[in-house]
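Hi everyone, thanks for making time this morning. Let me put the structure up on the screen, and then we can walk through it together.

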Amino acid sequence: MSITAEQLEALMPDGSQVESEYTEMESTLHYLQLALLVSCLDWLWRDRTDYFIGANLTIYFSRQQLRNRDFRGPDFFLVKNTSKSPRKSWVVWEEEGKYPDLIIELLSNSTAETDKTTKKNLYQDHFRTQEYFWFSPDDLELVGFKLVGQEYEEIIPNDAGLLESEVLGLFLGIYQEKLRYFTPEGDIVPTPEEAALQAQNRANEAQNRAERLAEQLRSLGIEPME
């Protein structure tokens, strides 16, 4: 008995409800690094709603993969030109066929070989992810690739040792043994806490300048206006 495409689709599970296959972070160091990558980019792009960040979230890219339980969960991935709404997982066939534009894997003793071979080939050949980086929180190894034609080519560091990400419009580099974002001008992208502290410091400096100016005016016999 034959069935129509519509009937076949009705028999398929709702991919938007598929839970992520959770994988433990290798260490606290890995967890803190992942949180840093997410929080800094979210702060920088706080006025934008056209992107999605996946953090240790499973990507389901085919129903066959789902049946085979062949899970792929990058530590960090970014999809542009999509909604920022929360998701239980990233299900490609429920997302207009979109794959990540950028992926970052955090290397560990148990995952490094897979990240550098099997996953790299998957992101290059199947996902066609534009940029792929890996970083080791333990020994600070940082390598990046961009898709050129059919294959990844390694991104050459600039004079400051930073790797350019055209997807982000930023650079990636190591600062105080952490992977951080940098602006094209070479300034580090702050965390929300760092940004708040910088704002407070600027306010304090402005207040100090105002108080010094007021004292100078009083020394000249001029009472400053409130």
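Let's start with a salt bridge: Glu-194 pairs with Arg-180, and their closest N and O atoms are 2.8 Å apart. Please keep in mind throughout that this is a predicted model. The pair links distant parts of the chain, with Glu-194 in helix H6, residues 192–219, and Arg-180 in strand S11, 14 residues apart. How exposed are the two partners? Glu-194 is partly exposed, at a relative accessible area of 31%, while Arg-180 is buried, at 5%.

There is also a network here: Glu-105, Asp-115 and Lys-119 are joined into one by salt bridges that share partners.

Let me show you two others. Glu-141 and Lys-116 meet through their side chains, at 3.2 Å from N to O. Glu-141 sits in the loop between S6 and strand S7 (142–148) and Lys-116 in helix H4 (residues 112–116), so this pair ties together parts that are 25 residues apart in sequence. Both ends are partly exposed: Glu-141 has 26% relative accessibility, and Lys-116 has 30%.

Then we have Arg-87 with Glu-95, where the closest N and O atoms are 2.6 Å apart. Are these two buried or exposed? Arg-87 has a relative accessible area of 19%, and because the cut-off for buried is under 20%, Arg-87 counts as buried. Glu-95 is buried too, at 14%.

Now back to S11, this time for the sheet that contains this strand. It is an open sheet of three strands in the order S9-S10-S11, with antiparallel pairing. S9, residues 163–165, and S11 are the edge strands, each pairing on one side only. On average, neighbouring strands in this sheet are turned by 35° against each other, ignoring direction. If you zoom in on S9 and S10, you'll find three bridges in the antiparallel sense. As a landmark there, Ser-165 stands opposite Leu-170 in S10.

What lies across S10 and S11? That would be helix H2, which runs at about 10° to S11. H2 covers residues 28–44, so to speak 17 residues, and reaches 24 Å from its first C-alpha to its last, close to the 24 Å expected at 1.5 Å a residue. Its buried residues are His-30, Gln-33, Leu-34, Leu-36, Leu-37, Cys-40 and Leu-41. Why do I say they line one face? Looking down the axis of H2, these buried residues fall within an arc of 155°, so they line one face of the helix. Turned away from that buried side, the other face carries the exposed residues Thr-28 and Tyr-31.

And what do the buried residues of H2 pack against? Quite a list of strands: S1 (51–55), S3 (76–80), S5 (102–106), S6 (131–135), S10 (170–175) and S11 (178–182).

Thr-129 is placed in the loop between helix H5 (118–127) and S6. Which residues is Thr-129 in contact with, leaving aside neighbours within four places in sequence? They are Pro-100, Asp-101, Leu-102, Ile-103, Tyr-123, Leu-147 and Tyr-152.

Methods. Residues numbered from 1 in each chain as written. Predicted model: local features only at pLDDT ≥ 70, side-chain atom pairs only at ≥ 80, totals over all residues. Heavy atoms only, no water. Helix = DSSP H or I, 4+ residues; strand = E, 2+ residues; numbered from the N terminus. Expected span 1.5 Å × (residues − 1). Buried < 20%, exposed > 50% of the residue type's maximum accessible area, 1.4 Å probe, protein only. Arc of directions from axis to C-beta. Contact = heavy atoms within 4.5 Å. Salt bridge = Lys/Arg side-chain N within 4 Å of Asp/Glu carboxyl O. Pairing = 2+ DSSP bridges. Axes fitted to C-alpha atoms, helices over the stretch in contact; angles between N-to-C directions.
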